[in-house]
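Keep the sequence and the 3D view open as you read.

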Amino acid sequence: MTESAIVGLGMSELGRVYGKSATGLAADAIRAALADAGLTLDDMDGLLVSHGLANDVSVHLASVLGLHDLAVLAQVNAYGATAGVMIAMAAQAIDSGAASVVACVFADAPLRPRTRSGAAYGGGIRQLRGFAGLQTAAGVTNPNIWYALAARRHMQRYGTTSEQLGAIAVAQRGWAAGNPLATMRTPLTLADHQRSRWIAEPLHLLDCCLVTNGAIAVVVTSAQSAALARRPPVHVWGYGQAHALRQMHADSSWGLVTGAVGAGRQAMSMAGISPSDVTVCQLYDCYTYTVLVTLEDYGFCAKGEGGSFVADGRLAPGGALPCNTGGGQLSGYYMWGMTPLAEAVIQARRDGGQRQVPNPEIVLVSGNGGILEHHSTLVLSPHRRTA
Amino acid sequence: MSESSERGAHDEVAGATIPAVTRDDASEAFFDAAARGRLSLRCCLRCQTILTPSARSCTACHGDALGECLVGGGATLISWVVVYDPPTPVLADCVPYVVGIVEVEGGPWMVARIVPADATLYVGADLEVRFMDSGSKEPGEAVPVFVVTSTTGTRELVHGEPDSFVGGYSRQPRRLDAGSPELNVGGDGL
């Protein structure tokens, strides 16, 4: 049981934003999150920092913000699972009394002017040396290819189809239409998805997420202090993490089963809920396939049935299980685990405008990093949990 | 040793292009064996589990005393992707290509090129290793690629529990037994 809550959400400019370092963007996001919470830098005694691809934000951010007396300060990295891990660490610091107001920030600026998004990943490989070089030479150079290998396994094993993955992309574009912050808002059809070029067959371009420059921060404090916050608090009911590193050996279930099994179980058990209690999902979607396999691993459907589960528009606006209601990382913006977390806060506060779901009572948030290896889960609610 | 006199002693693999790979200290035994047309893996000296060539400790017992292990060339296809646009400039001359995860003798998985690029593939397909020269203008080490040897076979889709994963297609996990593969616990690369 945790007695902590998110009371502030702040974003820098997002997208093809140039001229600012990740550190500068992170500072913008923290100032915005504190202002949102009705707090100031003087109120803050904890800072957790998460870097992305460009890797140019660190604990040095504290001095950039002029903070010289912090109780908690660390750089955290569990790749795409980091946002959920930071919230768990912040909640633990608050519950233990180590800190009272903890800001958690992710910032990245991998995009360069006049350069394709894809170049942010692995474009600069030159020397092929040793086993790492052998793998690159064989043709596995970036996450697109690893996730395609995972998706293919699922397709071959369970009969999952590209059209079923496409249904996830179409549903999320439907949500993005209602999100002014989303990068891609033009409606999408399944045919558009099928026609988009292969990135690594079986993954089409529209199975893959965007690349974004920017920063997002949240402010965590105790549930008691949260009652006095400027905006509606979003209570942390449960958190969990699990790290299922890729086993390269016979009988490995890599690609088919992820750390979401363990992380989800922990978080939902702590929150005292089951999947049927969840009213809205914000699931880490670096690829369409990640959403499908995470739904299975959380127990929304049986293993192998994710394809048919998502195919009928269940995740789309008007569907039974609203998922990635800001467009996610496929159509919204790519701020790693802060994309699902930020949208969870927006929905729980009923700030979703045109895309607001009617009943954001129990929001499930996932983070996924590595190649389906690192996983974090959060259960959030606008209501304080009654023990 | 990978002397120039030995170059070209291995298989001709039609249609495949692989950029030049160079060795480092950790991959010396692997590339020495590859130059002789052999697949060199690692083996746990404590529990005999056969491990990937880059393993530094045993995934089964966590032992860190590993030896070299030469295995036969048979393998099974675990997954594959087809890449049409070069994901990085060094692969510009290679597209379209198929790269997969293969399970080699003894159980370890390796990432490797599957040839030819237009082969009909399915999970569980039987493969066999071939060795080819990497690099063209600047020559590199001999590297393993895998060719499909079974052209028939059925793949069965199974809706099962996550824990009961293996099975569903015809596949026999290979275990270390007498005679095959060869263990070289001295690790001296023959």
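A:Arg114 counts as exposed, because it has 5 C-beta neighbours inside 10 Å, and a residue with 12 or fewer falls in that class. You will find A:Arg114 in the loop between strand 4 (101–108) and helix 4 of chain A. Its backbone is worth a look too: phi of A:Arg114 is near 55 degrees, a positive value in a residue other than glycine. Please keep in mind throughout that this is a predicted model.

A second residue can be described in the same terms. A:Asn55 also has a positive phi, about 55 degrees, although it is not a glycine. A:Asn55 sits in the loop between strand 2 (46–51) and helix 2 (61–64) of chain A. With 11 C-beta neighbours inside 10 Å, A:Asn55 counts as exposed.

Is A:Cys104, in contrast, buried or exposed? A:Cys104 has 29 C-beta neighbours inside 10 Å, so it counts as buried. This cysteine belongs to strand 4 of chain A. Leaving aside residues up to four places away in sequence, A:Cys104 touches A:Leu48, A:Met86, A:Ile87, A:Ala90, A:Ala217, A:Val218 and A:Val220. A:Lys303 lies elsewhere: from C-alpha to C-alpha, A:Cys104 and A:Lys303 are 34 Å apart in space, and in sequence they are 199 residues apart.

Staying with chain A, let us turn to a pair of helices. The axes of helix 6 (residues 162–176) of chain A and helix 10 (residues 288–298) of chain A come within 9 Å and cross at roughly 100 degrees. Helix 6 and helix 10 of chain A are therefore roughly perpendicular to each other. Which residues of helix 6 and helix 10 of chain A make the contact? Helix 6 of chain A brings A:Leu165, A:Ile168 and A:Ala169, while helix 10 of chain A brings A:Thr288, A:Tyr289, A:Val291 and A:Leu292. Sorted by class, the residues of this contact between helix 6 and helix 10 of chain A are 6 nonpolar, 1 polar and no charged.

Now for chain B. Here a closed barrel of 5 strands runs 4-5-6-8-7, with mixed pairing. On average, and with direction ignored, neighbouring strands of this sheet are turned by 50 degrees against each other. One pair to pick out is strand 5 (residues 97–104) and strand 6 (residues 109–115) of chain B, which pair in the antiparallel sense over 6 bridges. Within this pairing, B:Glu103 has B:Trp109, in strand 6 of chain B, as its bridge partner.

Helices from both chains pack on this sheet. Helix 4 (residues 130–138) of chain A touches strand 5, strand 6 and strand 8 (142–148) of chain B, and its direction makes about 35 degrees with that of strand 6 of chain B. Helix 1 (residues 28–35) of chain B touches strand 7 (126–133) and strand 8 of chain B, and its direction makes about 60 degrees with that of strand 8 of chain B.

| Cis peptide bond | Omega | Where the proline is found |
|---|---|---|
| B:Val95 to B:Pro96 | near -10 degrees | loop between strand 4 and strand 5 of chain B |
| B:Val115 to B:Pro116 | near -5 degrees | loop between strand 6 and strand 7 of chain B |

How many residues does each chain give to the contact? Chain B gives 49 residues and chain A gives 43 residues. On the side of chain B that touches chain A, strand 4 (74–83), strand 5 and strand 6 of chain B are the elements that give two or more residues. Strand 4 of chain B gives the most to that side, with 5 residues. By class, the side of chain B that touches chain A has 31 nonpolar, 12 polar and 6 charged residues.

Finally, a look at confidence. The model scores ipTM 0.94 and pTM 0.91. For chain B the mean pLDDT is 79, and 71% of its residues reach 70 or more. Over residues 1–9 of chain B the pLDDT is below 50, and this stretch has 9 contacts in the model beyond near neighbours in sequence. Residues 153–190 of chain B also stay under 50 in pLDDT, and for them the model has 71 contacts beyond four places in sequence. Where pLDDT is low, the predicted coordinates should not be read in detail.

Note on methods
Residues numbered from 1 in each chain as written. Chains lettered and ligands numbered in written order. Predicted model: local features only at pLDDT ≥ 70, side-chain atom pairs only at ≥ 80, totals over all residues. Pairing = 2+ DSSP bridges. Helix = DSSP H or I, 4+ residues; strand = E, 2+ residues; numbered from the N terminus. Axes fitted to C-alpha atoms, helices over the stretch in contact; angles between N-to-C directions. Contact = placed C-beta atoms within 7 Å. Parallel < 35°, antiparallel > 145°, perpendicular 65-115°, else oblique. Nonpolar A, V, L, I, M, F, W, Y, C, P; charged D, E, K, R; others polar. pLDDT = per-residue confidence, 0-100. Buried ≥ 20, exposed ≤ 12 C-beta atoms within 10 Å, placed from the backbone.
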